[in-house]
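I opened the model and kept notes as I went. The entries follow the order in which I looked things up.

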Amino acid sequence: MAETLLVLDESESAYRILVMFDGRKWRASGIHVKGRQKLGLADMAFQSSAGGIPMNRAFIFAAIVMASWTNAAKAATFGKCGFDTVSRAFAGTAKEQASCLLRKVKILGNVDPQSAVLPPNLLGSIGQPLNVSKVKIRQFIEALNLTENDLGGSLDAGLSRGNNNSSSAPMARYFVIHDTSTPNFGNQAFPADVDTNNRVNGFNPYKSANNAKAHIFLNRPGAIYVGHDFGVPWRATKLELKIGTLTKGLFLHIENVQPRRAHPSQPDGNAPTPGFTTVQYDRLALFYVMTSVRAGQGLIPAFHAAVDQGLLDGHDDPQNFSLSDFDGALGRVLEKVR
């Protein structure tokens, strides 16, 4: 018997999976699968090979499963905002997508059913060239004692592309705003110095040499940890993981440090008010401008919870996010760099 245990990685034409063989001995060099929308053991054809791996009872190994995908398998929509796997975009124009993806995220992840009203600076930026000066941006970030590398990469470099940086795939379109939802203070009150507290704002829990969970981590005093350059394709939402490699590179991920407390219905359901600091909004706006310059047009901002809404086990972030404060920060940055 053979049982698929776990999909480790996938592309448009292949899966790498863990498989357990139990019972009879096989000498298998691979497991090949006919073109199907859903993979099953009945579809698998085992290839014997003198150089294959002898499969004894309860032997686990990594195998490549080849799949000839059909257009019908790709054509699907996901989430409440209707991500379409053919257009590789959510439903509607860029601004309509933003209105759906920026709906307010309420406590316990309840996303407002009404489309967000886009404030003026975002309305004039999304899907449009920003008409800013790279020279002025560089002067602005130098005055902040920051470099382009501190902010996710060179202004002259493109962003990641879909399908794990395929040259034929579209460039990143979505600027996804998260909160870390950590640390969790349980039933204790938030510290009075929550905006400067080292336990809250330290980056050690998020650091990783090559596997950080987001492109950027931004703490409450405005310090930055770069997990990945914005040219690196990455996935950090349920929607991306569910769809697969097709979406890997279309979304940029910014985690804003925000602690949580226990809620009667959720161990980490309560967030501080206000949810974020002024300098967090300022830095977030700068990231939006820099990534939009690299994209050639204003990216589509999105809340993590709205991206995943309608999918099982979605998230509840960002909590207590002020769209008007973010828009005000964007206006201040644009004024400096135009």
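I took contact to mean heavy atoms within 4.5 Å. Helices (H or I, at least four residues) and strands (E, at least two) are DSSP runs, numbered from the N terminus. Axes are lines fitted to C-alpha atoms, for helices over the stretch in contact, and angles run from 0 to 180 degrees between N-to-C directions.

This is a predicted model, in which local features need pLDDT of at least 70 and side-chain atom pairs count only at pLDDT 80 or more, while totals for chains, interfaces and linings use all residues. Residues are numbered from 1 along each chain as its sequence is written, and side-chain values use heavy atoms, with hydrogens and water left out.

Entry: the sheet.
I looked up the strand order and found an open sheet of five strands, β11-β10-β12-β9-β15, with mixed pairing. Two strands pair if DSSP finds at least two bridges between them. β11 (224-226) and β15 (300-303) are the edge strands, each pairing on one side only. From one strand to the next the twist averages 20°. I then checked β9 (residues 174-179) against β12 (residues 251-256): the two run parallel and are joined by six bridges. Opposite Tyr 174 I found Phe 251 in β12. Helix α2 (residues 94-101) lies across β9 and β15, and runs at about 15° to β15.

Entry: a helix pair.
Two packed helices are described by the angle between their axes and the distance between the axes. For α4 (residues 134-143) and α8 (residues 278-295), I noted axes that come within 12 Å and cross at roughly 145°. Which residues of α4 and α8 meet? From α4 they are Lys 134, Ile 137, Phe 140 and Ile 141, and from α8 they are Leu 286, Val 289, Met 290 and Val 293. I sorted the residues of this contact into seven nonpolar, no polar and one charged. Ala, Val, Leu, Ile, Met, Phe, Trp, Tyr, Cys and Pro count as nonpolar, Asp, Glu, Lys and Arg as charged, and the others, Gly among them, as polar.

Entry: Val 105.
Val 105 lies in the loop between α2 and α3 (120-123). Is Val 105 buried or exposed? With a relative accessible area of 3%, Val 105 is buried. Buried means under 20% relative accessible area, exposed over 50%, partly exposed in between (1.4 Å probe, protein chains only). Leaving aside neighbours within four places in sequence, Val 105 has contacts including Phe 303, Asp 317 and Pro 318. I also checked Phe 321, 216 residues from Val 105 along the chain, and found their C-alpha atoms separated by 7.9 Å.

Entry: backbone exceptions.
Most residues other than glycine have a negative phi, and most peptide bonds are trans. I found a cis bond from Asp 317 to Pro 318, with omega about 5°; Pro 318 lies in the loop between α9 (304-308) and α10 (323-337). The bond from Thr 182 to Pro 183 is also cis, with omega near -5°, and Pro 183 is in the loop between β9 and α6 (198-201). Leu 108 is not a glycine but has a positive phi of about 65°. Leu 108 is in the loop between α2 and α3 and counts as partly exposed because its relative accessibility is 29%. Asn 165, in helix α5 (residues 162-165), has a positive phi near 70°. At 37% relative accessibility, Asn 165 counts as partly exposed.
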